[in-house]
Every structure is written in C-alpha cells, then in structure tokens.
Amino acid sequence: MAEVVILPQEQLVELATAQILDRLHQNPEMVLGVATGSTPMPIYERLATSGADFSRARAFALDEYVGLPESHPQSYHHVVDSSVTKPLGFKPQNVHVPNGNPETIIHAGADFEAKIAAVGGIDIQILGLGTNGHIGFNEPGSSLSSRTRVKVLTEKTRMDNSRFFDSIDEVPGHCITQGIGTILESKQLLLLAFGKKKAKIAHAMLEGPVTASVPASAIQLHRHVSVLLDEDAASELENANYYRYVWEHKLGGQALG
Ligand code: GLP
C-alpha cells in the first residue's frame, strides 16, 4: 500500500523537504526527479532556504512542451531553471529536461531515457497530480509501461494550464513526457496533491483500480511511494481515517520512508 499522509500543506512540505535533504546527506550526488506545476514550488523554496549543497546532485524533469523555445517563460526548461537549478544551486549541466524541439523530437525520448540510465536512475521523483489523473503529462489512456515520448495534450490539461499563459490558444498541443514505466523505475515516489479540485482524482488514484484511464493509479504498483494530501485533497477518500491511524502508529517516528 502506498503511504498516505494527510496533514496541512506546510507540514507536508516539511516532510518532503526533510526526505530529500536526508537523501542528499546520504549521497551528495543524489538524483532528484522534479515536477513542474504549482504544487511542488513550496518544496523548492524550502530546499533553497535550507542552505543544502546541491552542487554535486543531479536533477531530471518529468516533461516539456513541444514547440516552445527554451527561453519561453512557460517552457519547463525555463521553469526548472528559475525554480530549481538557480535557487538550489545545481550545476546547469547536471539538470536535464526533455528536449521539446520539434526538429529533434524523433529521438528526444530515447536520448532522455539514456541520460537517466547513465546516472543509474532517479532516487526520489516528486510528482504532482493532474485533475484528469495525469502524472508528468501521461494523459488518460497512456500505457502503464510507456517510456519518454511525445503525447497529445487533452483539452482539459490545456485548459488547466492556460492559467500560466495569456490564453488557451498559446498552450502547446503536444508535449514530451517521461512514461509511466519510466516513472515507476524511480527508486522512490513522492506524490503531492493539494485542494478540493484534486479530491475526486486522488480517490480514484488510491482507492480505484489500477487503470490507464487514471494514469496516476499506476503508483499502486510501486514499492516505495508516499502520497501527501492536504485535508481538501483527501476529502473523498474512503479510508482516510485508516491512513491517519497508520501514520500516527508508524514505527520509527513520523518521517517519510
Ligand atoms: C502539469 C504538469 C504535471 C503537474 C500537473 C499538476 O500539467 N505537467 O507535472 O504535476 O500538471 O499541476 P499543479 O501542481 O499545478 O496542479
């Protein structure tokens, strides 16, 4: 079973931050998988103010839009650079984002997979949750064993993400994303979801069947996954009280692990 933690957002951010710092302490060259979107931003802010040394650590992003120049403020190259690489002090050559250039897109997925393999895999992958159940940009119907590849974004995702652009017409129609199979190979997953708009899909992800129709439900197959939900995101869970009980009775203290 996934470890499910239901607490106020600030405490979840503290738990996730502590887990990452703990891993960095064990291995200064750790490989961190970073998500974009709003949810993980407070973790990056906390890591940045922790004073921890990420100069030898490596990072891999989950996804990128196809066809946005890297310098575009909403390209994930730009977002990762300004919210992770610079504030945490990663060396730019140690941070990898899938290449969304249409001219080289044919081999961009395989190139990215090779880079992950070359560092021995991702140690901790941070994940957000799309309102339609996507992780990375794996939209409903994505193969549960998929690898990094191009996907067509759903209208729902383009609508959700239009808040970052001037209008929905500016949101690209295609993306390149780590596959679900790729994500499942990370050694540890930390999935965070905040707010009422994630409640239904959090229930489907954790308590529904494993199905390509809810790509995030694939995390049920992972051996080491923590799902961090605030009260609103947890409000549709059937077994919320049991998850709270398990967390309170955790042997060895209340840290993720
Ligand atoms: C985006 C990203 C995902 C992210 C998700 C949720 O489209 N591609 O990696 O996890 O949607 O975003 P948010 O955290 O803003 O709700």
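**A guided view of the fold**

Among contacts in the protein between residues at least 6 apart in sequence, 77% join residues that are at least 24 apart. The model described here is predicted. Its secondary structure comprises 8 helices and 10 strands.

The overall dimensions come next. Along the principal axes, the C-alpha trace of the protein spans about 55 × 40 × 35 Å. A compact globule of 257 residues would have a radius of gyration near 18 Å, and the value for the protein, 17 Å, agrees with this. Of the 257 residues, 54% count as buried. The protein exposes about 11300 Å², of which carbon and sulfur atoms supply 53%. As for charge, there are 21 positive and 29 negative side chains, and the centres of the two sets lie 4 Å apart.

Strand β1 runs parallel to strand β10 (residues 225-229), and 4 bridges join the two. Within this pairing, V4 stands opposite V227 of β10.

Is S186 buried or exposed? The relative accessible area of S186 is 3%, and S186 is therefore buried, since buried means under 20%. Leaving aside neighbours within four places in sequence, S186 is in contact with I122, Q125 and H222.

How values were computed: Residues numbered from 1 in each chain as written. Predicted model: local features only at pLDDT ≥ 70, side-chain atom pairs only at ≥ 80, totals over all residues. Heavy atoms only, no water. Buried < 20%, exposed > 50% of the residue type's maximum accessible area, 1.4 Å probe, protein only. Contact = heavy atoms within 4.5 Å. Pairing = 2+ DSSP bridges. Rg over C-alpha atoms; globule rule 2.2 N^0.38 Å. Areas by Shrake-Rupley, 256 points an atom, 1.4 Å probe, with all protein chains shown as cover. Lys, Arg positive; Asp, Glu negative; His and termini not counted. Charge placed at Lys NZ, Arg CZ, Asp CG, Glu CD.
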